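Colleague: I would like to go through this model with you, beginning with a pair of packed helices and then turning to the ligand and a loop.

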Amino acid sequence: MAKTDTSMFFTDRETLESYSLSNQFAEHLEFVLVKDRFTATANDIYFALSMSIRDRLIRKWLRTQHIHKVKDVKRVYYLSLEFLMGRLLGNALINMDYYSECQQILEKDGYVLEDIIDKEHDMGLGNGGLGRLASCFLDSMATLDLPAFGYGIRYEFGIFKQGIEHGNQVEYPDNWLSFGNPWEIFRRELSYRIKFYGKVDTVVNEQGKLSFKWTETEDVLATAYDTPVPGYKTNTVNNLRLWQAKATQEFSFHDFNQGNYLAAVENKNVSENISKVLYPNDTYIGGKFLRLKQQYFFVSASLQDIIRKYKINHPASFKEFADKAAIQLNDTHPVIAIPELMRILMDEEGLGWDEAWRITTKTFGYTNHTVVPEALEEWSVSILEELLPRHLQIIYEINQRFLDGVRTKYKVDDNIIKQLSIIKEGPEKKIRMAHLAIIGCHAINGVAALHSDILKNDIFPHFYKIFPEKFFNVTNGITQRRWLRAANPSVAGLISDSIGDEWIKDLSKLKKLEKLTGDAQFRDSWRAYKWSNKKELIDYIKTEQGIILDPDSMFDVQVKRFHEYKRQLLNVLHVITLYNRLKDNPDLNISPRTVMFAGKAAPAYLQAKLVIKLINSIGEIINNDPDIKDKLKVVFLPNYSVTLAEKIIPAADLSEQISTAGFEASGTGNMKLALNGALTVGTMDGANVEMREEVGDDNIFIFGLLADEVAKLKKSKYNPREYYEKDEELKRVIDMISGNYFNRFEPGIFQILVDDLLKTDYYCLFADYASYIKTQDAIGELFADKDAWTKKSILNVARMGKFSSDRSIRDYAQLIWNVKPVKIDIE
Ligand code: 26Q
């Protein structure tokens with residue numbers, strides 16, 4: 001360091017801090033962006049402001065990393081192929097407490113902060129629940145002062161942009177970096193070599209000891225981009241490190257000299273394709289080669305980075321590795337990390353199998369996010385053999401040792417051995433990544449109580465018998481900083497004015513709201529703020545889609561990925577039922593409803609896309625039918641994203657969480673909506689079960705079959721046609737869809753949906769229909785009683801304390817990671 005005092009910084013702290021944010025902002029605008037007041041665009045303002053805030057973060061960021069290093073603390077490494085961060089500016093302003101100062105600075109120049117915040121492109125590097133969970137967890141880990149690193153891929157294209165054309169989903173690339181990204185720091189000096197393909201040589205040394213050499217590989221570089229993760233009102237700033245692929249050679253001189261210019265750059269493109277695009281599926285579909293490359297690419301880079309950091313304090317021994325690193329695997333997507341760490345420890349660091357295995361199993365934890373058996377990730381042996389030959393050897397060895405152990409310890413037959421094996425036999429041998437994860441980790445957890453039980457009892461019962469001590473539950477949560485404080489400032493403000501603002505760091509404090517349900521004035525304010533949120537959403541929809549909506553109608557909201565098991569189609573059946581009742585009796589006295597849908601379907605998931613088309617088709621008919629007298633509207637809001645969620649959720653009255661019981665691992669939208677005062681209509685699935693426990697049966701609308709009843713029904717001969725024949729309203733709805741009532745000009749397009757329901761109805765829509773309709777009728781009635789509804793709305797918010805991601809993270813820290821908070825002092 002240039003300075004002789006003990007300061008770790010080059011510049012004087014006093015100088016930087018007394019230097020006003022306003023000056024810094026002006027300097028960025030002038031000297032970095034080279035703009036003056038006449039030429040600056042709103043986008044320039046966004047950039048200059050973000051860079052000024054980033055400057056303020058940097059000192060804490062460096063300090064945090066420094067303290068973690070010198071104190072040699074245990075860190076959490078969260079490995080995830082997805083981080084659905086959304087926008088960063090608003091969040092940083094709130095967490096660092098700069099919001100009002102920035103408002104004032106911009107006001108002077110005639111700008112409104114919210115408009116500037118609106119210029120930021122979402123960081124959409126994820127599909128849905130699992131990716132957003134990773135982002136909520138980063139926020140909570142920083143806020144709780146836990147030393148943590150997120151590792152992932154810096155996709156050039158995030159989740160596709162959804163457009164609607166003639167009611168159909170169309171996909172456009174999400175070129176999120178096209179205007180630059182003020183938050184990330186490119187770490188030019190940080191890059192690692194990632195090996196692919198090649199062969200494995202067996203080497204015997206003079207002592208007769210075997211070792212393995214992975215040679216003749218084709219290599220790619222992983223380069224690091226860091227994004228700061230500030231905690232709320234704390235000095236901790238953790239790091240999200242995303243890897244980008246870079247060719248080891250810009251250029252093949254060999255090809256170039258042969259006169260083939262295009263071939264000379266082609267290899268570069270092939271290598272750099274690895275970090276090009278996020279796979280837009282949110283369930284496992286097929287074993288795509290590039291996906292495996294992505295997985296290994298980021299896993300290998302991250303492990304090399306973790307080991308480099310470990311060696312700074314422990315150059316000579318790996319003994320303490322598991323005491324310094326807890327690595328959490330976000331689903332099976334990064335599970336190739338298990339053989340990779342084994343390979344590094346044995347082949348590169350010279351450890352023996354037993355020592356390497358002890359370290360590996362002690363280090364890793366695995367979170368499962370899916371119950372659907374066909375969604376469990378498998379890779380064909382032939383693909384692994386080609387791409388990662390040494391890893392395949394190690395996986396075989398892990399399997400062999402595990403099964404041998406089982407055979408000696410238990411009396412098991414070959415059938416059970418077959419079910420436990422990592423290798424699935426068949427015409428094409430497959431590696432079951434979940435089995436590898438359970439065997440190679442010390443902890444496996446589900447994401448809600450019901451889900452964790454299903455894992456133990458139904459999905460992995462044999463593993464549970466062998467390793468009961470490995471199975472945990474950590475119920476998901478969401479960060480209240482983004483999902484209430486930032487997304488819903490009016491209600492958040494009302495809450496803070498009434499009970500103080502401790503809830504922002506300790507969500508259980510919301511309990512204090514319970515007594516305010518009896519305060520008529522408070523209820524009026526609550527309603528008024530919810531109403532103004534609805535008005536804001538209405539204005540947005542009017543601008544974007546030209547649809548006029550009524551803020552006094554019930555906003556009945558289903559926002560999530562489109563999936564058959566999430567049963568958006570069941571919601572549609574209810575909407576058509578209401579429509580028919582109103583057609584029969586236009587003067588029917590019902591609570592007016594605006595039914596809103598938003599969500600993306602995987603581009604190749606035809607059934608899901610057809611449901612989107614159906615929603616748009618029924619909207620077209622219902623919204624323009626004069627008989628309905630505006631008592632029912634159906635709206636599909638295109639391009640659901642974190643930012644759109646932040647607009648919809650604060651405006652919702654009713655939250656639809658209607659998955660077939662046993663299929664939704666947890667859900668997190670359910671928590672976000674309830675935290676914003678929406679009442680839930682839901683099945684006994686995922687975290688709904690625990691939400692009911694918290695808010696009480698009177699404050700949530702539960703309907704439908706239970707998970708074990710669904711399982712039983714499926715085992716018996718479930719005949720959906722019986723339900724159709726017996727229920728007049730249901731029959732009429734189905735006949736309308738099949739009779740092209742909503743698609744006169746495109747006859748037959750929805751017939752596959754109908755056929756599937758009548759023949760199979762895998763997700764039991766018909767079995768739950770009557771119960772759903774009955775519950776919705778009760779909901780409609782209650783909505784007419786404004787005071788009763790408002791009381792329940794307040795109680796829901798008051799009792800959401802459990803569902804903070806702060807609680808989830810404390811659970812992980814204690815049950816699985818064994819990490820402690822580290823306070824960061826600024827000297
Ligand atoms: C796997 C292999 C190849 C390509 C894609 C995938 C893939 C990608 C994303 C598989 C699954 C996902 C995402 C799953 C997901 O979001 N699951 C949700 O996780 C939430 C957080 O735990 C839960 O609340 C939801 O219930 C669960 O559906």
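The questions and answers below concern a predicted model.

Colleague: Is helix H2 oblique or roughly parallel to helix H3?

Modeller: Helix H2, residues 21-32, and helix H3, residues 42-70, pack with their axes 8 Å apart and at an angle of about 125°. Angles of 65 to 115 degrees count as roughly perpendicular and those over 145 as roughly antiparallel, and the angle of about 125° therefore makes H2 oblique to H3.

Colleague: How many nonpolar residues belong to the contact of H2 with H3?

Modeller: On the H2 side, the residues that meet H3 are Leu 21, Gln 24, Phe 25, His 28, Leu 29 and Val 32, and their partners in H3 include Ile 45, Leu 49 and Arg 56. Divided by class, the residues of this contact comprise 3 charged, 3 polar and, as the number asked for, 9 nonpolar.

Colleague: Which residue has a polar side-chain atom 2.6 Å from an oxygen atom of the ligand?

Modeller: For Tyr 565, the separation between a polar side-chain atom and a ligand oxygen atom is 3.3 Å, while for Asn 476 the corresponding value is 2.9 Å. The 2.6 Å separation from a ligand oxygen atom belongs to a polar side-chain atom of His 369.

Colleague: What distance separates the C-alpha atoms of Leu 705 and Asp 685?

Modeller: Leu 705 sits in the loop between strand E24 and helix H28, and the residues that Leu 705 touches include Ala 661, Ala 767 and Asp 768. Although Leu 705 and Asp 685 are 20 residues apart along the chain, the separation of their C-alpha atoms is 9.7 Å.

Conventions:
Residues are numbered from 1 along each chain as its sequence is written. This is a predicted model: local features need pLDDT of at least 70, side-chain atom pairs count only at pLDDT 80 or more; totals for chains, interfaces and linings use all residues. Side-chain values use heavy atoms; hydrogens and water are left out. Axes are lines fitted to C-alpha atoms, for helices over the stretch in contact, and angles run from 0 to 180 degrees between N-to-C directions. Helices (H or I, at least four residues) and strands (E, at least two) are DSSP runs, numbered from the N terminus. Angles under 35 degrees count as roughly parallel, over 145 as roughly antiparallel, 65 to 115 as roughly perpendicular and the rest as oblique. Contact means heavy atoms within 4.5 Å. Ala, Val, Leu, Ile, Met, Phe, Trp, Tyr, Cys and Pro count as nonpolar, Asp, Glu, Lys and Arg as charged, and the others, Gly among them, as polar. A polar contact is a pair of N or O atoms within 3.5 Å; within protein, one must be able to donate a hydrogen and the other to accept it, and residues adjacent in sequence count only if both atoms are side-chain atoms. Lists of a residue's contacts leave out its neighbours within four places in sequence.
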